Amino acid sequence: MSSIRRYAVCGLSARGLASFVLPILGLTDRTADGGFGYGSDEDDLSGYAEVVAIVDTDADRVAEFNQALQRLGRSPIPFFPPTQYDEMLAIVVPDAVIVTSPDHTHEEYIIGALRHDVDVITEKPMVSTAAAARAVLAAERSSNGTVQITHNFRYPAAHREVKQLILAGTIGRITRVVMDYHVDLRHGASYFLRWNRRRSLSGGLQVHKSSHHFDLLNWWIGSAPDEIFGYGAMNYYGPASPHRPGGELSVGELRAKDPYFLAQQESGVFPTDDNTARAGLFGLHYPGQYPGSRPLYLYDAEIDIEDTYSAIARYPSGASLTYSIDFSSTWEGFRVSIAGTHGSISLLHGRTVDGAALPTSDHITVSELFGPTRVVEVHPEAGGHGGADPLMRRDLFTGPSPESVELGLMATSTEAAYAVAMGDALTQSIATRRPINLAALLDLS
C-alpha cells in the first residue's frame, strides 16, 4: 500500500493554495511559469500527499488554476462543484479532505466528510457559529473520521517558548491575562473588502479573526473559559465612517479622496480594475466571488460587523482574560501580559504598516515575584507566519514531533469549538449586554 495520502481540497482560496495545494504538489520553484510567485513556503510534501480533487463554487477559477498547472507540465486536478460533494467522496474516495473555503461553508464540508468516515483538516476557524461547532463535535463522535484544525498561531517560536515557561511552572498558576491586539490599516481594511464583511459568511471578526487569538490564549492558560462578556462597535468602516468622503461619489471619485486608498495604493489591498474579476495571490481571478461588475468598498451598507471590540472572560481556575482588538491601527501585532502566582511573562510582537519589526518585538520578559527579571530573545523561524506554517504542515502530513506532543501544539476539535464559541458568545454579549455561558452554547455543560 502507498504511504501517500490522498486529499480533496474544498475551496481553492489563496490560503488553500499557499498552505496546502502548492506544497502538496511540490511546486517549490515560485519563479516558474503559471503565476505561482508569492505566498507559499518551499517545503515539498509530494512524498507524503497528493491532491485528488478540488471542490469549489467557481468553476472558472479552478479552470484557470488547472491551465496554469498544464503550462507547468502537470495534469489538471479533477473539479467538483459543491452540489457533487457526496458524489466526489464516493467516486474519488479521498483519505481526507482539506477545508479552506469561506467560514460559513465549513460545517457542511466537515460533517459531509465525517458522514463518509473521512478525516478532515480544516482552516481556522473550524466553523462560523457555536451551533455549527456543536454539530461538528456531535458528528465526529459518531464517525470513524477525525477533525484537525490548523490553529497555527500556537506554532511561532515565541509562542512555543511562552508555553514552555508556563509548563515549567516559572510563574506559577496563571491568574490574569491581558492581550491588546492591533490590525494595521492595510490588513484591517482588507477584511471589509472581502466576504468577511458579512456576519452570515464569517461569524464576524470575533470568530473569523479573534478565534485564533482565543485559541492561543486558552492554550497558554490550559483551559477554556466558562463565561465571556464584551462591547463592540463599528468605528472605522461602513456608511457612518468618519473617513468616508462626503457626497454622492462614483467609485473613482471616492478613491481619489479616500484616505485609506491614498495610504496604500501600491499595497494590492484595493482592486483598481473595475472591469475584470478581482485577482488574488498567484494572479488567479475570482470571477464568481468578486466579479468586476460588483465593486466592494469600505463604506458599503452591507457591512454589518464590528471593527473594534473588547472582552473579559472568566476561567474555571479563577483566571481572567482581558482582550481588545481594532482593525485600523498604525501597527500590526499585540502586547500580552500573563500574570501568575509566582511572577509574570510579557511579550510584544509587532511591525509597522510598512513591515518593519517594532523594537523589542519577540522579546519575552520573565519577571519572578521574588526573584530577578530576565529577557528571552526569540528569533522568528523561516516560513509563513513566522515559521508556523511549515511546522504545522509537518505535524499534519508527516506526524507530530516530540515537541508538538509535549506542548499540545495540534488543536483538538473541542479546543477549536471553544475558540469559535468565544467569538460567537462575544458577538451575542455585544448585542445583549449580558455575559454568555460558553458550555451552554456548545451543550457541554
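Colleague: What makes β1 and β2 paired strands?

Modeller: In this predicted model, strand β1 (residues 5-10) is joined to β2 by 6 bridges, and the two run parallel. Strands pair if DSSP finds at least two bridges between them, and strands themselves are DSSP runs (E, at least two residues), numbered from the N terminus. Within this pairing, R6 stands opposite E50 in β2. Local features need pLDDT of at least 70, side-chain atom pairs count only at pLDDT 80 or more, and totals for chains, interfaces and linings use all residues. Residues are numbered from 1 along each chain as its sequence is written, and side-chain values use heavy atoms, with hydrogens and water left out.

Colleague: Why is strand β2 called mostly covered?

Modeller: Of the 7 residues of β2 (residues 49-55), 6 are buried. Buried means under 20% relative accessible area (1.4 Å probe, protein chains only).

Colleague: How do you know that β2 and β3 pair?

Modeller: DSSP finds 2 bridges between β2 and strand β3 (residues 79-80), in the parallel sense, and at least two are required. F79 in β3 is the bridge partner of I54.

Colleague: Why are β14 and β15 placed at the edges of their sheet?

Modeller: The open sheet of 9 strands has the order β14-β13-β12-β11-β7-β10-β9-β8-β15, with mixed pairing. β14 (373-377) and β15 (436-437) each have a single partner strand, so one side of each is left without a neighbour in the sheet.

Colleague: What makes β7 and β11 partners?

Modeller: Strand β7 (residues 174-184) and strand β11 (residues 331-340) run antiparallel and are joined by 8 bridges, where at least two are needed. D180 stands opposite R335 in β11.

Note on methods:
Buried means under 20% relative accessible area, exposed over 50%, partly exposed in between (1.4 Å probe, protein chains only). Helices (H or I, at least four residues) and strands (E, at least two) are DSSP runs, numbered from the N terminus.
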